[in-house]
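Hello,

Here is the structure I promised to pass on to you. Have a look at it first, and then read on for what turned up in it.

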Amino acid sequence: MVRVEFLGPIGKEPLDLDISNLNELSIILKDDESMSSWLQNSAIAVNDILVQDKNHPLKDGDKVSLLPPVCGG
Amino acid sequence: MEIKYLYYLLYVVGDLENLELFDGSLLVEKITNKWYDDFRLSNFGAIITFVGVVRDEDGIDGLSFDIYEPILNSWFNAWQEKAKVKGAIVLMAHSKGDVLNHTSSYIAGVCSPKRRVALELIDEFVEDFKASAPIWKYDIINGKREYALERSTAIKGAGILS
(Lines give C-alpha, C1' and ligand atoms only; values in the text may rest on other atoms or scores of the structure.)
Protein backbone atom coordinates (compact mmCIF):
# COMPACT_ATOMS: atom_id res chain seq x y z
CA MET A 1 0.00 0.00 0.00
CA VAL A 2 1.05 3.57 -0.66
CA ARG A 3 0.02 6.26 1.82
CA VAL A 4 -1.11 9.55 0.27
CA GLU A 5 -1.11 12.64 2.50
CA PHE A 6 -2.76 15.98 1.75
CA LEU A 7 -0.85 18.78 3.43
CA GLY A 8 -1.78 22.23 4.70
CA PRO A 9 -5.13 23.67 3.62
CA ILE A 10 -6.24 20.71 1.44
CA GLY A 11 -7.77 19.25 4.59
CA LYS A 12 -8.37 15.76 3.27
CA GLU A 13 -7.85 12.56 5.26
CA PRO A 14 -4.89 10.39 4.11
CA LEU A 15 -5.56 7.57 1.64
CA ASP A 16 -3.97 4.12 1.48
CA LEU A 17 -3.89 3.03 -2.14
CA ASP A 18 -2.64 0.05 -4.12
CA ILE A 19 -0.85 1.96 -6.90
CA SER A 20 2.50 1.56 -8.67
CA ASN A 21 3.19 5.05 -10.02
CA LEU A 22 2.06 8.67 -9.77
CA ASN A 23 0.07 8.44 -12.97
CA GLU A 24 -2.28 5.95 -11.30
CA LEU A 25 -2.68 8.37 -8.40
CA SER A 26 -3.48 11.16 -10.84
CA ILE A 27 -6.28 9.09 -12.39
CA ILE A 28 -7.80 8.37 -8.96
CA LEU A 29 -7.60 11.97 -7.72
CA LYS A 30 -9.04 13.40 -10.94
CA ASP A 31 -12.23 11.50 -10.09
CA ASP A 32 -12.38 13.22 -6.68
CA GLU A 33 -14.29 16.51 -6.93
CA SER A 34 -12.81 17.82 -3.67
CA MET A 35 -9.37 17.70 -5.35
CA SER A 36 -10.25 19.48 -8.58
CA SER A 37 -8.82 22.86 -7.57
CA TRP A 38 -5.70 21.39 -5.90
CA LEU A 39 -4.18 19.10 -8.55
CA GLN A 40 -3.01 21.90 -10.84
CA ASN A 41 -1.21 23.87 -8.12
CA SER A 42 0.11 21.16 -5.78
CA ALA A 43 3.68 19.88 -5.81
CA ILE A 44 4.33 16.19 -5.16
CA ALA A 45 6.83 14.57 -2.81
CA VAL A 46 7.61 10.87 -2.58
CA ASN A 47 9.11 9.90 0.78
CA ASP A 48 9.66 13.63 1.46
CA ILE A 49 11.63 14.26 -1.74
CA LEU A 50 9.99 16.55 -4.33
CA VAL A 51 9.49 14.82 -7.69
CA GLN A 52 8.52 16.17 -11.11
CA ASP A 53 7.96 12.98 -13.12
CA LYS A 54 4.42 11.68 -13.40
CA ASN A 55 5.79 8.21 -14.16
CA HIS A 56 7.72 8.10 -10.90
CA PRO A 57 7.39 4.51 -9.64
CA LEU A 58 5.84 3.74 -6.26
CA LYS A 59 6.32 0.68 -4.10
CA ASP A 60 4.69 -0.78 -1.03
CA GLY A 61 5.32 1.46 2.00
CA ASP A 62 6.01 4.65 0.04
CA LYS A 63 4.55 7.97 1.21
CA VAL A 64 3.24 10.50 -1.30
CA SER A 65 2.57 14.08 -0.14
CA LEU A 66 0.62 16.76 -1.96
CA LEU A 67 1.91 20.27 -1.17
CA PRO A 68 -0.40 23.14 -2.15
CA PRO A 69 0.90 26.71 -2.74
CA VAL A 70 3.07 27.98 0.11
CA CYS A 71 3.52 31.28 1.90
CA GLY A 72 5.79 31.37 4.91
CA GLY A 73 6.80 34.41 6.87
CA MET B 1 32.58 3.49 9.68
CA GLU B 2 30.90 4.16 13.02
CA ILE B 3 33.03 7.26 13.61
CA LYS B 4 32.12 8.61 10.17
CA TYR B 5 28.43 8.05 10.95
CA LEU B 6 28.77 9.84 14.29
CA TYR B 7 30.35 12.85 12.60
CA TYR B 8 27.56 12.82 10.02
CA LEU B 9 24.94 12.86 12.79
CA LEU B 10 26.68 15.71 14.60
CA TYR B 11 26.85 17.64 11.36
CA VAL B 12 23.15 17.20 10.56
CA VAL B 13 22.00 18.00 14.09
CA GLY B 14 24.29 21.01 14.10
CA ASP B 15 22.54 22.38 11.02
CA LEU B 16 19.08 21.74 12.34
CA GLU B 17 19.86 23.67 15.52
CA ASN B 18 20.03 26.70 13.26
CA LEU B 19 16.41 26.09 12.27
CA GLU B 20 14.04 26.67 15.18
CA LEU B 21 10.25 26.34 15.22
CA PHE B 22 8.09 27.78 17.99
CA ASP B 23 4.42 27.64 18.91
CA GLY B 24 2.93 31.13 18.55
CA SER B 25 4.72 34.48 18.23
CA LEU B 26 8.51 34.59 18.23
CA LEU B 27 10.40 36.10 21.16
CA VAL B 28 12.49 38.25 18.85
CA GLU B 29 14.96 39.72 21.33
CA LYS B 30 15.63 36.32 22.90
CA ILE B 31 16.21 34.60 19.55
CA THR B 32 18.32 37.30 17.93
CA ASN B 33 20.36 37.90 21.08
CA LYS B 34 21.06 34.18 21.27
CA TRP B 35 22.19 34.10 17.65
CA TYR B 36 24.50 37.06 18.32
CA ASP B 37 25.94 35.43 21.43
CA ASP B 38 26.31 32.07 19.67
CA PHE B 39 28.17 33.45 16.66
CA ARG B 40 29.95 36.69 17.59
CA LEU B 41 33.01 34.72 18.71
CA SER B 42 33.12 32.68 15.47
CA ASN B 43 34.92 35.48 13.61
CA PHE B 44 31.98 36.37 11.39
CA GLY B 45 32.33 40.03 10.48
CA ALA B 46 28.70 40.36 9.39
CA ILE B 47 25.62 39.09 11.21
CA ILE B 48 22.39 40.10 9.49
CA THR B 49 18.86 39.36 10.66
CA PHE B 50 15.53 39.89 8.92
CA VAL B 51 12.49 40.05 11.22
CA GLY B 52 9.03 39.59 9.72
CA VAL B 53 6.22 41.28 11.67
CA VAL B 54 2.51 40.59 11.14
CA ARG B 55 0.77 43.72 9.87
CA ASP B 56 -2.73 44.84 10.80
CA GLU B 57 -4.44 44.93 7.41
CA ASP B 58 -7.64 43.73 5.73
CA GLY B 59 -9.36 43.26 9.08
CA ILE B 60 -7.21 40.34 10.22
CA ASP B 61 -6.45 39.65 13.88
CA GLY B 62 -3.28 37.82 12.93
CA LEU B 63 -1.89 34.95 10.88
CA SER B 64 -1.71 31.21 11.45
CA PHE B 65 0.78 28.72 10.02
CA ASP B 66 1.01 25.02 9.21
CA ILE B 67 4.48 23.59 8.61
CA TYR B 68 5.58 20.30 7.05
CA GLU B 69 8.81 19.76 8.91
CA PRO B 70 10.50 16.89 6.97
CA ILE B 71 10.72 18.89 3.74
CA LEU B 72 11.39 22.17 5.56
CA ASN B 73 14.42 20.49 7.16
CA SER B 74 15.80 19.28 3.83
CA TRP B 75 15.15 22.68 2.22
CA PHE B 76 17.00 24.37 5.08
CA ASN B 77 19.91 21.94 4.95
CA ALA B 78 20.31 22.56 1.22
CA TRP B 79 20.58 26.29 2.01
CA GLN B 80 23.11 25.58 4.72
CA GLU B 81 25.25 23.77 2.14
CA LYS B 82 24.91 26.68 -0.27
CA ALA B 83 25.95 29.14 2.45
CA LYS B 84 28.86 26.95 3.52
CA VAL B 85 30.45 27.23 0.07
CA LYS B 86 30.64 31.01 0.69
CA GLY B 87 31.99 30.60 4.21
CA ALA B 88 28.63 31.64 5.66
CA ILE B 89 25.81 30.08 7.69
CA VAL B 90 22.06 30.64 7.58
CA LEU B 91 19.72 30.80 10.57
CA MET B 92 15.95 30.69 10.75
CA ALA B 93 13.14 30.80 13.29
CA HIS B 94 9.46 30.44 12.41
CA SER B 95 6.15 30.19 14.22
CA LYS B 96 3.63 27.36 14.15
CA GLY B 97 -0.02 28.09 14.86
CA ASP B 98 -1.45 31.53 15.60
CA VAL B 99 0.56 34.78 15.56
CA LEU B 100 -1.28 37.99 16.39
CA ASN B 101 -0.82 41.34 14.65
CA HIS B 102 2.29 43.36 15.50
CA THR B 103 4.24 40.31 16.63
CA SER B 104 6.82 38.29 14.71
CA SER B 105 6.34 34.97 12.90
CA TYR B 106 9.64 34.74 11.01
CA ILE B 107 13.29 35.59 11.52
CA ALA B 108 16.02 34.80 9.02
CA GLY B 109 19.71 35.34 9.66
CA VAL B 110 23.03 35.09 7.83
CA CYS B 111 26.50 35.14 9.34
CA SER B 112 29.46 35.58 7.00
CA PRO B 113 33.05 36.77 7.16
CA LYS B 114 32.27 39.94 5.15
CA ARG B 115 29.15 42.05 4.59
CA ARG B 116 28.65 41.59 0.82
CA VAL B 117 28.05 37.83 1.04
CA ALA B 118 25.65 38.30 3.97
CA LEU B 119 23.67 41.05 2.25
CA GLU B 120 23.28 39.05 -0.95
CA LEU B 121 22.58 35.76 0.78
CA ILE B 122 19.85 37.12 3.06
CA ASP B 123 18.00 38.41 0.00
CA GLU B 124 18.19 35.09 -1.85
CA PHE B 125 17.46 33.07 1.29
CA VAL B 126 14.32 35.03 2.21
CA GLU B 127 12.98 35.07 -1.37
CA ASP B 128 13.48 31.32 -1.83
CA PHE B 129 11.90 30.77 1.57
CA LYS B 130 8.77 32.57 0.38
CA ALA B 131 8.64 30.50 -2.84
CA SER B 132 9.67 27.06 -1.64
CA ALA B 133 9.48 26.43 2.12
CA PRO B 134 6.56 24.09 2.92
CA ILE B 135 4.65 26.50 5.14
CA TRP B 136 0.99 27.44 4.71
CA LYS B 137 -0.42 30.78 5.83
CA TYR B 138 -3.93 31.52 6.98
CA ASP B 139 -5.54 34.85 7.90
CA ILE B 140 -7.25 34.87 11.28
CA ILE B 141 -10.57 36.66 10.82
CA ASN B 142 -13.25 36.57 13.53
CA GLY B 143 -11.44 33.68 15.16
CA LYS B 144 -11.46 31.54 12.00
CA ARG B 145 -8.54 30.51 9.76
CA GLU B 146 -8.81 31.40 6.06
CA TYR B 147 -6.14 30.04 3.72
CA ALA B 148 -4.25 32.91 2.05
CA LEU B 149 -4.31 31.34 -1.42
CA GLU B 150 -3.95 34.60 -3.36
CA ARG B 151 -0.71 35.43 -1.52
CA SER B 152 0.70 31.91 -1.87
CA THR B 153 3.08 30.52 -4.49
CA ALA B 154 2.91 27.11 -6.14
CA ILE B 155 6.14 25.18 -5.50
CA LYS B 156 8.33 24.75 -8.60
CA GLY B 157 7.15 21.68 -10.51
CA ALA B 158 3.59 21.80 -9.13
CA GLY B 159 0.75 20.36 -11.17
CA ILE B 160 2.17 17.05 -12.39
CA LEU B 161 -0.94 15.18 -11.23
CA SER B 162 -3.32 17.44 -13.18
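The contact between the two chains draws 25 residues from chain A and 30 residues from chain B, where two residues are in contact if their C-beta atoms, placed from the backbone, lie within 7 Å. On chain B, the elements giving two or more residues to this side are helix H3 (69–85), strand S5 (104–112), helix H4 (115–132) and strand S6 (135–141); helices (H or I, at least four residues) and strands (E, at least two) are DSSP runs, numbered from the N terminus.

Please keep in mind that this is a predicted model, in which local features need pLDDT of at least 70 and side-chain atom pairs count only at pLDDT 80 or more, while totals for chains, interfaces and linings use all residues. Residues are numbered from 1 along each chain as its sequence is written, and chains are lettered from A and ligands numbered from 1 in the order in which they are written.

Within chain B, strand S3 (residues 62–67) pairs antiparallel with strand S4 (residues 89–100) over 4 bridges; two strands pair if DSSP finds at least two bridges between them. B:Leu63 has B:Val99 of S4(B) as its bridge partner. S3(B) also runs antiparallel to S6(B), joined by 6 bridges, and there B:Phe65 stands opposite B:Lys137.

Chain A has an open sheet of 5 strands in the order S2-S1-S5-S3-S4, with mixed pairing. Strands S2 (15–17) and S4 (49–51) of chain A each have a single partner strand, so one side of each lacks a neighbour in the sheet.

Best wishes
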